[in-house]
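Please open the structure in your viewer and keep the selection tool at hand, as this tour goes from one selection to the next.

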Amino acid sequence: MKFLFVGLALLGIGAALLPSVGSSSFPHADKLMHAGALFGFAVLLDWATPRSFWGWKVPVLLGYGAFIELLQALTTWRSASLADFAADAAGVLLYWLLWRVVLQRFVMQQEH
């Protein structure tokens, strides 16, 4: 899982640095893509390591999102966006809420 996480994270950086392709007719589609990507990365990272979610995984995930925004700011064809970073954070939080708070309790109740 660690290799999958790292591999997909590297692909994500590459994709984030590609020139932007036209705007979607769906409002805020890019924000949903950011949230969905970081949700997926949170799943992978959570499965890949038993380390602390808030003490280790969240800083790694948010650092990744900030790093991408920084790299985009250094290009002439992309731009950094605080809203994109907020969408990244929302994806991580959504994962935590769905898995850690809701589904994990449901799974635990089913086992007992």
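Are D46 and K57 buried or exposed? Both of them are buried, where buried means under 20% relative accessible area, exposed over 50% and partly exposed in between (1.4 Å probe, protein chains only).

Before going on, note that this is a predicted model, in which local features need pLDDT of at least 70 and side-chain atom pairs count only at pLDDT 80 or more, while totals for chains, interfaces and linings use all residues. Residues are numbered from 1 along each chain as its sequence is written, and side-chain values use heavy atoms, with hydrogens and water left out.

Keep D46 and K57 selected: their side chains meet in a salt bridge, 2.5 Å from N to O, the term standing for a side-chain nitrogen of Lys or Arg within 4 Å of a carboxyl oxygen of Asp or Glu. D46 lies in helix α2 and K57 in helix α3 (residues 53-73), 11 residues apart; helices here are DSSP runs (H or I, at least four residues), numbered from the N terminus.

Next select K31, which is partly exposed, with a relative accessible area of 22%. K31 forms a salt bridge with D84 (2.7 Å, N to O), and because K31 lies in helix α2 and D84 in helix α4 (residues 82-111), the pair ties together parts that are 53 residues apart in sequence. D84 is buried, at 7% relative accessible area.

D30 is partly exposed, at 35%, and through shared partners D30, K31 and D84 are joined into one network.

Definitions and conventions:
Helices (H or I, at least four residues) and strands (E, at least two) are DSSP runs, numbered from the N terminus.
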